[in-house]
Amino acid sequence: MTRPIYAHVNLDALKHNYLLAKEANQGPALAVLKANAYGHGAVACAQALSPIADGFAVASLEEARQLRNAQITQPILLLEGFFDAEELAEIAALECWVVVHDAWQVDALCAAQFKAQTQVWLKVNTGMHRLGLTPAEVPQAYQALSNCPQVDQVALMTHFANADAIDKSDVKAQIRQFEETANALSFDGLISLSNSAAILSGVGLKNLNQSSSNWVRPGLMLYGADPLYANIEKDNNVQPLQTVMTLQAKLIAVKTLQAGDAIGYGSLFKADVTMRVGVVACGYADGYPRTAMQAPVAVDGVQTTTLGRVSMDMLYVDLRDLPEAAIGSVVELWGEQVSVDAVASAANTLSYELLCNVKRVQFTYS
Ligand SMILES: *Cc1c(COP(=O)(O)O)cnc(C)c1O
């Protein structure tokens with residue numbers, strides 16, 4: 001038998017979550033498949049979404065090429081644009097859409113020699129200060145791109161820094177800045193603002209005017225994880241997302257600790273009574289966060305917690321309430337029974353990081 005650790009991906013749930021994003025927007029949505037679809041397998045996810053998706057978004061030409069090689073024909077947006085003008089010929093050949101976030105990219109695009117026309121998403125920095133032209137730089141770039149024969153349409157986009165915060169005032173300030181920038185151009189084309197947190201909290205969804213269309217960019221929510229997890233606990237307002245990935249492993253050993261015995265590196269957990277502990281074939285090399293402390297986990301469907309320090313290939317679970325658990329018992333690290341957001345929270349991080357990091361496990365799809 002091979003090492004017993006599996007990631008099961010529910011593609012129907014992925015489709016369901018994508019449709020929720022479209023429904024919330026009452027309009028088109030680019031399914032964000034960067035980072036190997038947040039660790040779920042970009043090609044499998046793209047093929048499942050292909051019959052219903054308006055388009056996809058990825059972080060690099062390599063990621064786009066992988067989808068085109070898998071016969072994906074929808075628009076694919078390169079979220080960081082191109083890193084080098086040499087990429088432009090292939091971008092045109094693969095008919096990708098490109099983000100332009102800096103003046104050098106405007107010049108490179110207009111100087112490029114290729115036959116196809118590409119759609120450009122001009123990125124405005126409305127306050128996040130990661131990528132994007134300042135509102136003052138936008139009119140000149142917009143003019144140049146509009147006059148550039150290699151450019152088909154120019155869309156206008158921005159990205160929110162704090163869409164997951166309870167206080168939406170920062171998002172609203174970014175929306176105002178975006179609207180002012182668009183209005184200064186009398187812009188009425190395609191716009192795009194919202195990531196998952198903005199979609200789920202219902203901010204930033206309106207159109208500029210009747211002829212403009214607003215494309216949302218759901219990432220995390222497609223995979224059934226919730227960027228508003230911390231907020232939702234406070235609001236008690238559960239979103240109807242369906243779980244996509246279930247990460248499962250098995251118990252490969254069961255130890256009985258006597259009072260005073262410690263388990264694992266650093267002897268981080270010490271028993272104060274006689275108790276059983278399970279050793280699970282999952283560690284940080286599989287993507288389970290090493291920083292997780294007393295994270296929720298399910299053994300044979302029963303909720304318990306992890307114990308001690310996560311090691312590279314193994315971690316420990318509390319079997320005090322699981323007298324039947326034995327070698328071979330199924331352990332859900334996250335999935336239907338254990339929320340990946342709750343595990344992330346126990347590790348002081350976000351489900352984004354957990355999902356992206358899954359590796360060295362056998363994937364199955366249904
Ligand atoms: C990753 C990314 C998204 C998706 O964000 P989620 O929070 O996962 O929904 C949207 N837009 C841009 C520009 C991104 O880089």
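Strands β10 (residues 245-257) and β13 (residues 275-280) run antiparallel and share six bridges. Strands here are DSSP runs of E with at least two residues, numbered from the N terminus, and two of them pair if DSSP finds at least two bridges between them. This is a predicted model, where local features need pLDDT of at least 70, side-chain atom pairs count only at pLDDT 80 or more, and totals for chains, interfaces and linings use all residues. Residues are numbered from 1 along each chain as its sequence is written, and side-chain values use heavy atoms, with hydrogens and water left out.

**Around β10**
- On the β13 side, K255 stands opposite V277.
- β10 also runs antiparallel to β1 (residues 5-9), with five bridges joining them; there, A7 has L247 as its bridge partner.
- Then there's β17 (residues 330-334), again antiparallel to β10, with four bridges, and Q248 has E332 as its bridge partner.

**The parallel sheet**
- Eight strands make up an open sheet with parallel pairing, in the order β2-β3-β4-β5-β6-β7-β8-β9.
- Its edges are β2 (30-32) and β9 (213-214), each pairing on one side only.
- β2 pairs with β3 (residues 55-58) in the parallel sense over three bridges, and L30 finds its bridge partner in G55.

**The ligand site**
- The ligand sits in the largest pocket. A pocket is an open set of points on a 1 Å grid over the protein atoms alone, where a 1.4 Å probe fits and protein lies on both sides within 12 Å along at least five of seven lines; sitting in it takes more than half of the molecule's atoms within 2 Å of its grid points.
- There are 14 residues around the ligand, and K34, Y38, S196, L220 and Y352 come nearest; to be near, a residue needs a heavy atom within 4 Å.
- By class, that shell has six nonpolar, four polar and four charged residues, with Gly counted as polar and Tyr as nonpolar.

**Polar contacts and burial**
- A polar side-chain atom of Y352 is 2.6 Å from a ligand oxygen, where a polar contact means a pair of N or O atoms within 3.5 Å.
- L220 uses a backbone N or O atom, 2.8 Å from an oxygen atom of the ligand.
- For R217, a side-chain N or O atom is 2.8 Å from a nitrogen atom of the ligand.
- Taken alone, the ligand exposes 390 Å², and the protein buries 93% of that (Shrake-Rupley areas, 1.4 Å probe).

Note on methods:
A polar contact is a pair of N or O atoms within 3.5 Å; within protein, one must be able to donate a hydrogen and the other to accept it, and residues adjacent in sequence count only if both atoms are side-chain atoms. On a 1 Å grid over the protein atoms alone, a cavity is a set of points where a 1.4 Å probe fits but cannot get out, and a pocket is an open set with protein on both sides within 12 Å along at least five of seven lines; lining residues have an atom within 4 Å of a point.
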